[in-house]
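Open the model in your viewer and keep the sequence panel beside it. This tour goes stop by stop, with something to select at each one.

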Amino acid sequence: MERQYSRIVLGKDRVDGDDNPLLEPGEGNEHGTHVLGIIAAEQDNGIGIDGINDDAPLWVGRAIGSGKWAESLVEFVDAARDSGQPNAVINLSLDLTQINPDGSVTTRYEFTPLEMAALEYARQNNVLVVTAAGNDGGVMSALGQASQQFDNIITVGAAEQIDGETSAWKGFDRAAYSSYGNGLDIVADGGTLENPVMSTVGDGVGAMDGTSVATAKVTGAVSQVWAANPELSYRQVIDLLKSTATDLKTANADLETGSGLLNMVAAVLLAKATKPEEAVAQDLQFISLTWSGEGLVTPIERAADPTSSITGTHQSDGNPEQPITLQSFLNIFGAYSSPNWLSFLRNTFDKFYSPQSQKPTNGKNQLIFYDRESGDNEFYQVNNGSMTLTRRGSGWRKTWDLIIPGDFDGDGKTNLLFYDRESGDYEFYQVNNGSMTLTRRGSGWRKTWDLIIPGDFDGDGKTNLLFYDRESGDYEFYQVNNGSMTLTRRGSGWRKTWDLIIPGDFDGDGKTNLLFYDRESGDYEFYRVNNNKPMTPIRKGSGWRKTWDLIIPGDFDGDGKTNLLFYDRESGDYEFYQVNSNKPMTPTLRGSGWRKTWDLIIPDAPEVKPVDESSNYLQELTSWTDWQWEDSINSASDLNDIKNNQNSDIGKLYRDLSNDLFGQYFPPSGAYISDDYKNATGLNSYHGAIDIGGSINNHPVKSLVNGTVVLSTYHFGTLTILGEDGRYYIYKHLSSRSFTQGQMVTKGQVVGRVGGVGANGIPQFFPHLHFEVSKPPYTYGAAHSPSVLHSKAEIRQRNYNPVKAYWELRRR
């Protein structure tokens with residue numbers, strides 16, 4: 001065997017606990033050597049093995065069997081940062097398993113906190129991760145399914161050649177041993193026992209088959225795509241590999257072969273003609289500090305070849321019940337440390353777990369619409385773009401030029417400030433469910449203020465005010481305390497063409513930034529406000545639509561970040577956008593037909609209880625037949641339609657269901673009465689529920705009804721509530737349950753946390769919520785054991801369609 005060891009940087013050996021991952025001849029099982037040869041063995045070496053990219057610089061670490069693959073991943077990310085290379089890809093030809101209390105080893109469907117953090121660390125540093133689907137021939141482990149949560153992961157299954165005399169799309173199929181399911185992106189030839197793939201072993205050549213082999217081929221292809229165009233983002237590289245893959249089986253992507261068979265030549269050619277996308281900062285994803293297997297099983301990993309075995313141990317990930325301090329938080333993530341890793345962990349702590357990050361929120365935003373000419377006003381509740389009228393009225397003073405929301409008295413509630421520019425009058429009001437109490441009024445304010453912008457500009461948790469005079473370019477910052485205002489900074493010289501100045505936490509750091517918009521030119525600029533000191537420009541550009549009359553900030557999707565609503569008064573058009581850390585925005589909803597006389601739309605308005613319009617809730621669905629209801633959620637294609645068309649009737653309904661269960665939107669991940677479930681599991685049964693997934697692990701889930709808990713068991717993490725309507729609402733795979741049998745539950749109470757718990761309380765599935773609604777009489781085994789749900793008719797007899805049941809619940 002010939003390889004250029006000078007190209008290899010050596011990482012740690014976490015199996016033997018030393019600094020040299022290389023093994024002596026005859027030591028180990030040659031798995032890593034075989035994988036490395038596929039990727040990078042020297043070409044034309046005289047032994048018949050040509051690596052895919054023999055120019056690539058390499059890093060090698062050893063972890064399989066140690067339980068510490070995540071630490072090795074962090075080490076590689078650090079090495080990639082220090083290398084000076086423009087791009088980095090890591091090959092994870094491994095599968096996640098767990099050692100159960102009885103000593104048996106099974107596939108693991110949940111990450112530990114350290115594993116989640118390591119993958120997010122790779123994502124934050126733009127490291128592309130190539131993972132193996134595994135060789136169980138069943139549903140993939142958590143790592144295989146993780147590409148649904150981490151956009152820097154591409155999951156690879158194995159294909160085998162079944163007919164060498166025909167084209168690839170007819171001649172290849174999923175290898176029988178290759179695991180599959182949601183999250184599978186692509187397949188590559190992994191060989192078979194009868195026809196294995198040859199590569200380097202020891203000082204010679206050896207044979208192997210498995211998804212490890214397929215994963216190595218895709219890793220090599222990634223390096224060649226980047227060699228062809230180093231400026232591409234990892235997202236573009238993944239998209240290129242998937243879009244050029246040769247489709248197998250049925251048309252389009254499927255659960256068994258993903259986007260199809262790797263076609264590296266086509267991907268490299270397309271890469272050369274692809275324009276690199278603009279760099280986008282990564283929003284930090286939530287990392288749970290617990291997992292449902294803590295103290296019950298030993299998390300481990302194994303090589304993704306069909307003959308691998310498992311050994312090793314793993315230390316506990318900490319006690320989540322203790323108060324979270326920075327030090328206790330860091331202790332959860334093991335002994336490995338580097339300045340960059342510690343900085344990443346501190347940022348995670350600051351964003352999600354520090355006392356300052358624990359601000360109460362109902363995950364919703366209120367808007368007030370005000371028509372100056374008529375004095376009409378309407379209060380709306382906004383959930384991910386869907387708006388619910390909560391109160392309307394008329395008779396407000398018709399001379400208000402500005403209405404500004406803010407917590408002006410420090411009680412944690414939103415008040416309103418009204419300003420009349422012509423007279424200089426102002427009034428502060430305290431709002432309680434639509435009833436407004438005057439707290440302070442006055443006159444004599446400067447009459448040339450064009451804009452008054454609220455925001456926490458000094459980081460004290462209270463609302464300040466920024467005043468702007470467009471004609472002169474003057475500005476003044478004020479601190480507000482129960483209506484009394486203190487000047488903190490004034491100046492002049494600001495650009496005089498700004499039509500709108502919009503406050504918001506656009507970068508997710510908990511502080512107010514500012515967005516400036518010039519309607520005539522379409523120019524815009526984002527600025528960071530530094531405690532009322534000179535502002536720091538973050539991003540500027542031009543080309544925005546020039547007809548927007550109002551741009552309104554708010555957390556419209558309940559993720560804790562500021563989004564934007566654009567409104568064109570003349571046309572009635574509106575558009576909701578997600579702001580991505582001051583990088584290009586993502587449209588989430590657009591439409592037209594809004595009333596054209598609104599002068600002001602006020603965000604962060606005081607919460608008002610909704611008017612009772614339950615009987616009219618999604619009235620359009622009253623004409624649906626049972627077949628239409630079932631056909632709307634019984635396939636992966638249906639679920640994609642729901643995710644991609646959230647403004648459709650069924651899309652709105654599902655969005656409201658998710659918001660009522662979690663306080664925010666999570667995508668559907670498993671269909672009701674679906675052939676997909678039967679085909680994916682290999683069981684002769686159908687799915688009597690809808691699954692909800694995404695970045696959902698350990699997220700609180702709420703009761704939809706008032707009722708009584710009739711079952712609370714660790715078996716499949718199940719909690720069942722008998723609602724006042726006589727139906728049984730079933731939550732499964734919970735990592736923890738907040739109620740025991742016989743306890744009363746109130747609608748909106750947290751009943752547990754989402755996990756991946758399976759039989760006997762053992763983590764078995766990728767974290768998701770199985771939501772089911774059952775008819776009486778309720779029998780746990782009959783309603784939940786998949787082995788007895790052999791027919792769709794049997795499910796219809798025992799269960800309600802869960803989405804329709806929710807719709808009926810909302811209309812009562």
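Start with the whole chain. Buried residues, those under 20% relative accessible area with a 1.4 Å probe and protein chains only, make up 53% of its 812 residues. This is a predicted model, in which local features need pLDDT of at least 70 and side-chain atom pairs count only at pLDDT 80 or more, while totals for chains, interfaces and linings use all residues. Residues are numbered from 1 along each chain as its sequence is written, and side-chain values use heavy atoms, with hydrogens and water left out.

Colour by secondary structure. The protein chain has 17 helices and 43 strands. Both are DSSP runs numbered from the N terminus: helices are H or I with at least four residues, strands are E with at least two.

Now show contacts, meaning heavy atoms within 4.5 Å. Of the contacts with a separation of 6 or more, 61% are between residues 24 or more positions apart.

The chain exposes about 33800 Å², and carbon and sulfur atoms supply 46% of that. These areas come from the Shrake-Rupley method with a 1.4 Å probe; for residues, only the protein chains shown count as cover.

**Stop 1: a surface patch**

Select I47, M198 and V205. Together they make a nonpolar surface patch of about 230 Å². A patch takes residues with over 30% relative accessible area and no salt bridge, joining like charges within 9 Å and nonpolar side chains (Val, Leu, Ile, Met, Phe, Trp, Tyr) within 5 Å. I47 sits in the loop between helix 1 (31-40) and strand 2 (58-62). Its relative accessibility is 32%, so I47 counts as partly exposed. That class lies between the buried limit and exposed, which is over 50%.

**Stop 2: salt bridges**

How many salt bridges does the rule give? The count comes to 39. The rule asks for a side-chain nitrogen of Lys or Arg within 4 Å of a carboxyl oxygen of Asp or Glu.

Select R235 and D151. Their side chains meet in a salt bridge at 3.5 Å, N to O. R235 lies in helix 7 (residues 234-243) and D151 in the loop between helix 4 (142-145) and strand 7 (153-161), so the pair ties together parts 84 residues apart in sequence. D151 is partly exposed at 29%.

Next, pick D401 and R372. The closest N and O atoms of this salt bridge are 3.0 Å apart. The pair links distant parts of the chain, 29 residues apart: D401 is in the loop between strand 15 (386-393) and strand 16 (402-406), and R372 in the loop between strand 13 (365-371) and strand 14 (376-383). D401 is partly exposed at 24%. R372 is partly exposed at 29%.

Move to E525 and K540. Their salt bridge spans 3.9 Å, N to O. E525 is in strand 26 (residues 523-530) and K540 in strand 27 (residues 533-541), 15 residues apart. Is each end buried or exposed? E525 is buried at 11%, whereas K540 is exposed at 57%.

Then select E120, R123, D151, R235 and E277. Salt bridges that share partners join them into one network.

**Stop 3: helix 17**

Select K804, in helix 17 (residues 802-811). K804 counts as buried, at 19% relative accessibility. Leaving aside neighbours within four places in sequence, K804 is in contact with D626 and W629.
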